[in-house]
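Here are my notes on the helix packing in this model. Please read them with the structure open.

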Amino acid sequence: QKDERLLWDVARESGILNKIPPSMLLPDDKMLLVLLYETLLGSRRVRGTTELVAFVKEHKASLQQTLASLRKSGTAVGYTEKIRLPRYARVNTLRSNITTVLNHFREQGWSVADCPD
């Protein structure tokens with residue numbers, strides 16, 4: 001969903017939407033979306049022999065520059081921090097004890113939850 005919005009923003013800002021003949025977008029514009037994704041976010045290598053593929057290849061550099069400028073200005077959908085899941089650790093009590101290990105983790109900046117004995 002957010003990738004689709006980003007791709008349409010890049011296409012609009014770069015001006016290629018005004019340059020594409022409507023006949024290239026028939027029967028719908030989803031092929032353009034796929035090609036933009038592959039060019040900008042996917043493998044970055046577009047293959048094919050259709051007019052639309054040739055058009056996207058021709059404008060690849062300007063599309064990439066537009067994407068970079070949108071990201072740099074902060075108007076593009078950027079990185080959002082993922083949900084942090086809890087981490088679990090097993091303590092080998094033959095080598096250390098739970099209190100020592102928990103203190104070590106606290107010193108490293110980890111927040112330590114209650115643990116079963």
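**Notes on helix packing**

1. Start with T66, which is found in helix α5. Helices here are DSSP runs (H or I, at least four residues), and strands are E runs of at least two, numbered from the N terminus. This is a predicted model: local features need pLDDT of at least 70, side-chain atom pairs count only at pLDDT 80 or more, and totals for chains, interfaces and linings use all residues. Residues are numbered from 1 along each chain as its sequence is written, and side-chain values use heavy atoms, with hydrogens and water left out.

2. Is T66 buried or exposed? T66 counts as buried, at 12% relative accessibility. The cut-off for buried is under 20% relative accessible area; exposed is over 50%, and partly exposed lies in between (1.4 Å probe, protein chains only).

3. The T66 side chain reaches the backbone oxygen of S62 at 2.8 Å. Leaving out residues up to four places away in sequence, T66 touches V10, E13 and S14. Contact means heavy atoms within 4.5 Å.

4. Helix α1 (residues 2–14) packs against helix α5 (residues 60–73) at about 115°, with axes 9 Å apart. That makes α1 roughly perpendicular to α5. Axes are lines fitted to C-alpha atoms, for helices over the stretch in contact; angles run from 0 to 180 degrees between N-to-C directions. Under 35 degrees counts as roughly parallel, over 145 as roughly antiparallel, 65 to 115 as roughly perpendicular, and the rest as oblique.

5. From α1, the contact uses L6, D9, V10, E13 and S14; from α5, it uses S62, L63, T66, L67, L70 and R71. The residues of this α1 with α5 contact divide into 5 nonpolar, 3 polar and 3 charged. Ala, Val, Leu, Ile, Met, Phe, Trp, Tyr, Cys and Pro count as nonpolar, Asp, Glu, Lys and Arg as charged, and the others, Gly among them, as polar.

6. L41 sits in the loop between α3 (30–40) and α4 (51–58). Which residues does L41 touch, not counting those up to four places away in sequence? They are D3, L6, L7, L36, L67 and R71.

7. α3 and α4 meet at an angle of about 35°, with axes 10 Å apart. M31, L32, L35 and T39 in α3 face L52, V53 and V56 in α4. This contact has 6 nonpolar residues, 1 polar and no charged.

Definitions and conventions:
A polar contact is a pair of N or O atoms within 3.5 Å; within protein, one must be able to donate a hydrogen and the other to accept it, and residues adjacent in sequence count only if both atoms are side-chain atoms.
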